[in-house]
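The following report examines selected local features of one protein chain. Sequence and structure are shown first.

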Amino acid sequence: MEAHQILTLLIFLGAIGLVISGVIEVVAAAFLGVAAMVAAGVMSEVEAFRAVEWNVICILVGIWTIAAYFGKTGIPEWLAARAIWYSKGRVAVFCTLMGCIAGVLSMFIDNVVVILMMAPVIFQVTRRMKLESFPFLMFIGLCSNFYGTALLLGDLPPQMLHSVSGIEFLDFIWHEGRPSSFIILSIVFFAVVTIFYRRLRKTFGERRMSEEEIQSLLSEEPIRDKGFAWIVVGAFLGTVVAMSFRELIGVKLGFIALCGATSLVLILEIVRGRLRINAPSLEEVLSELDWRAIFFYILLFALVGGLEHSGIIRKMASSMVPIIKKNYILGASLVYWVTTPVVGIVEHDAYILTFLYVFRDLKVYYGLNPWPLYWALLWAGTLGSNLTVAGAPALLVALNLSEREDRRKIPLREFLSWSAPYVIYSHIFCFVLALLIWIIPLAP
């Protein structure tokens, strides 16, 4: 490795180290890394700007804007009320259903937003029944972080895969003649939820809400303005459908997402006064977007762009060629199982983005099929991040909210007693399916 590549790698690792340690704000840490690369001559400021995948950033801003409106419709609370009614007050069943609802929502909405939507409903139930909120929020956090990679919209890793490989929305359901992310993760998800239902039964026993408590929780109508809710749902579904047919429309996904968000804003601003729709202001919605995360992702693309510009990505790909050429099945399996512990303790988005570029170069320069490697990386990277709060911001939010609500510090051992089994079960089930459907059939 040449001197300038060593310097680039040191800057990159230093920046990621600052991000993981939390010594300084993550955006500041990432910015220092990009600035250091520019100052060291690794790339110019223009090249750093061009390294950012602005299409992905536009997807994030567009979808998060629609999600912010969606969170204020009352639909999440309505879904929770249906879960209470369907479970007939049985706490273990209710918690399981809430995990399923959170998982489904996270396919389209950022998992941190899902936690923030669900927490108030959980607190209503736990306060009435004098239960701790931690098991509820922990399970919901695990489920929402799990399912975000099932489709293109929910989390950053699938959007990065779209950016690197060109995969489209419907390809996350069926790709290259075989089931892909949505189908495989759905099978794994419901297998894990079934196992964890037993854990929830053990935790809550036969506890159930009284008829009075159920009626009290169901007495309020969560959707206070149905006109507002219908407009938001219509815009959301229209945006998703348009994104799923992006190839026919012929424009970028980010453009579609921004058009969907802009259309929703304009419609609400136009009809707010005429139809007396009770909708939040645009300023209120924009203030709730996670701009910190957006700026971090912009800088993350620039950081990884520095690795690519200096030739480190290609060198990493070259070092993997002998292993993968000798035994492709073993190579893909190593990618899967090495990724699992790594993303449990480091920022998984940076790790996934770096190796997506590595596997792309394996195809470009060495003609190796990258798709078993892409999927192994994506699935292991997402599922493994459920191990600790360092890997999954959604779990950090769930932990903070539950500690504040329950007024106690959650010991690491108790946290891992939930996260570790979830990761182990999901990884074993997912690996078996990945091996049978993607790795073995496509091995050269």
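Helices (H or I, at least four residues) and strands (E, at least two) are DSSP runs, numbered from the N terminus. The model is predicted: local features need pLDDT of at least 70 and side-chain atom pairs count only at pLDDT 80 or more, whereas totals for chains, interfaces and linings use all residues. Residues are numbered from 1 along each chain as its sequence is written, and side-chain values use heavy atoms, with hydrogens and water left out.

Trp-337 belongs to a nonpolar patch on the surface, together with Ile-329, Ile-424, Tyr-425, Ile-428, Phe-429, Val-432, Leu-436 and Ile-440; the accessible area of the patch is about 760 Å² in total. Such areas come from the Shrake-Rupley method with a 1.4 Å probe, and for residues only the protein chains shown count as cover. Patches are made of residues with over 30% relative accessible area and no salt bridge, with like charges joined within 9 Å and nonpolar side chains (Val, Leu, Ile, Met, Phe, Trp, Tyr) within 5 Å. Helices α18 (328-343) and α22 (412-442) each supply at least two residues, and α22 gives the most, with seven.

Ser-333 counts as buried because its relative accessibility is 14%. Leaving aside neighbours within four places in sequence, Ser-333 is in contact (heavy atoms within 4.5 Å) with Phe-431 and Leu-435. Ser-333 and Ile-173 are 160 residues apart in sequence, and their C-alpha atoms are 22 Å apart in space.

## Salt bridges

Side chains of opposite charge can pair when their charged atoms come close. A salt bridge is here a side-chain nitrogen of Lys or Arg within 4 Å of a carboxyl oxygen of Asp or Glu, and the count by this rule is nine. In the pair formed by Arg-292 and Glu-25, the closest N and O atoms are 2.5 Å apart. This pair links distant parts of the chain, 267 residues apart: Arg-292 is in helix α16 (residues 291-309), and Glu-25 is in the loop between α1 (3-21) and α2 (26-39). Arg-292 is partly exposed at 45% relative accessibility, and Glu-25 is partly exposed at 38%.

Arg-246 and Glu-168 also meet in a salt bridge, at 2.5 Å from N to O. Here Arg-246 in helix α13 (residues 246-249) is linked to Glu-168 in the loop between α9 (156-165) and β1 (174-175), 78 residues apart. Both Arg-246 and Glu-168 are buried. A further salt bridge joins Arg-360 to Glu-308, with the closest N and O atoms 2.6 Å apart. It connects helix α19 (residues 348-366), which holds Arg-360, with helix α16, which holds Glu-308, across 52 residues. Arg-360 is partly exposed at 21% relative accessibility, as is Glu-308 at 32%. Salt bridges that share partners join Glu-132, Arg-408 and Glu-414 into one network.

## Nonpolar core

In soluble globular proteins, nonpolar side chains tend to be buried together. A nonpolar core is defined as a set of buried Ala, Val, Leu, Ile, Met, Phe, Trp, Tyr and Cys residues joined through side-chain atoms within 4.5 Å. The largest core has 169 residues, and those with the most contacts inside it include Ile-57, Phe-94, Trp-375 and Tyr-422. Not counting residues up to four places away in sequence, Tyr-422 touches several residues, among them Phe-139, Phe-146, Phe-189, Phe-196 and Asn-386.

## Loop residues

Thr-73 is placed in the loop between α4 (54-71) and α5 (75-87). Thr-73 counts as buried because its relative accessibility is 2%. A polar atom of the Thr-73 side chain lies 3.2 Å from the backbone nitrogen of Ile-75.

Most residues other than glycine have a negative phi. Lys-130, although not a glycine, has a positive phi of about 55 degrees; Lys-130 is in the loop between α7 (111-129) and α8 (134-147) and is exposed at 78% relative accessibility. Glu-176, also not a glycine, has a positive phi of about 50 degrees. Glu-176 is found in the loop between β1 and β2 (178-179) and is partly exposed at 42%.

How values were computed. Buried means under 20% relative accessible area, exposed over 50%, partly exposed in between (1.4 Å probe, protein chains only). A polar contact is a pair of N or O atoms within 3.5 Å; within protein, one must be able to donate a hydrogen and the other to accept it, and residues adjacent in sequence count only if both atoms are side-chain atoms.
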